[in-house]
Amino acid sequence: MTSLPASAVFAALLIGAVLPLVPFLGRIARLAATIVHEVGHCVVVVPFGGRIRRIDLHPDGSGEAWVQLGRVPGAVRWLVRLLNLFAGYSAPIWAGVLLVTGAVVGSPWLPVAVLGVVGLVALLFVRNWFGLLVVIGFDALAVWVAVRPSDLTLLVVAALGVALLVDGLRSLVQVVRWLFTGARVQTDFHIAAAEMRLPAVVWFVLFLAGNGVAVWAARGPLLAVGDTVLTGIRALVGS
């Protein structure tokens with residue numbers, strides 16, 4: 001476990017949780033989550049022979065990954081489509097969990113791996129100038145964490161991890177609202193519904209079920225992180 005005081009870790013987690021709710025900083029957190037979202041599509045598609053034509057990031061915090069499955073073998077095409085569907089909205093949440101876990105256990109290498117993969121893949125596929133500037137900033141953070149690991153970098157990583165997690169959950173709440181209101185939007189679930197003739201709400205339920213299984217499988221580390229948060233709360237209340 002990290003040698004950092006539990007109260008310091010908790011404070012970093014609290015700052016990260018608040019960031020997505022602050023107007024200007026919230027836009028930055030959303031852009032970081034969008035980068036991870038789009039990279040999630042790349043990570044699950046490319047190993048099976050799929051192609052990513054480009055990633056675009058926009059000032060409003062939205063983004064697009066143009067995916068082609070033409071070279072994916074027919075035997076696994078359905079699986080790759082399913083993974084591609086789940087990867088986008090899952091990526092910010094699980095990247096956030098991994099970053100927080102790395103900070104809590106006091107290991108910079110897990111955050112370096114996560115930030116490095118996201119930063120490198122995004123740099124390879126981003127194609128618009130605004131997106132490139134954002135990715136360069138993201139990559140600078142990854143290099144800083146890798147080259148100058150310290151207590152400060154771990155606290156920054158913890159804050160970023162929670163920011164990704166909170167923004168990822170915010171996106172899911174927004175999807176739920178769109179599904180209930182029947183809004184004409186183009187989320188991953190609506191795109192899957194158009195391609196595979198199952199309602200978007202069915203794909204969303206399957207998405208929740210798949211992530212629920214993943215949460216159960218990772219319950220040990222997740223409970224350890226939760227214990228650290230509770231310890232930090234008790235330390236702050238006690239002081």
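A residue counts as buried when its relative accessible area is under 20% and as exposed when that area is over 50%, with partly exposed residues in between. The structure shown is a predicted model, and in it Val176, a residue of helix α6, has a relative accessible area of 29%, so Val176 is classed as partly exposed. Along the chain Val176 and Ala193 are 17 residues apart, and their C-alpha atoms are separated by 15 Å.

Within α5, the buried residues are Gly131, Val134, Val135, Phe138, Asp139, Ala142 and Val145. Because these residues cover an arc of only 140 degrees around the axis, they lie on the same side of α5, whereas Trp129, Leu133 and Val147 are exposed on the other side. The buried residues of α5 pack against α2 (23-45), β1 (51-57), α4 (109-125) and α6 (151-181).

The largest nonpolar core has 40 residues, of which Ile35, Leu99, Leu115 and Leu164 touch the most other members. Two or more residues are given to this core by each of α1 (6-18), α2, β1, α3 (74-105), α4, α5 and α6. Once neighbours within four places in sequence are left aside, Ile35 is in contact with Leu57, Val118, Ala122, Val134, Val135 and Phe138. Another core, of 13 residues, lies apart from the largest one, and its members include Leu85, Leu172, Phe204 and Phe207.

Methods:
Residues numbered from 1 in each chain as written. Predicted model: local features only at pLDDT ≥ 70, side-chain atom pairs only at ≥ 80, totals over all residues. Heavy atoms only, no water. Buried < 20%, exposed > 50% of the residue type's maximum accessible area, 1.4 Å probe, protein only. Helix = DSSP H or I, 4+ residues; strand = E, 2+ residues; numbered from the N terminus. Arc of directions from axis to C-beta. Contact = heavy atoms within 4.5 Å. Core = buried A, V, L, I, M, F, W, Y, C linked by side-chain atoms within 4.5 Å.
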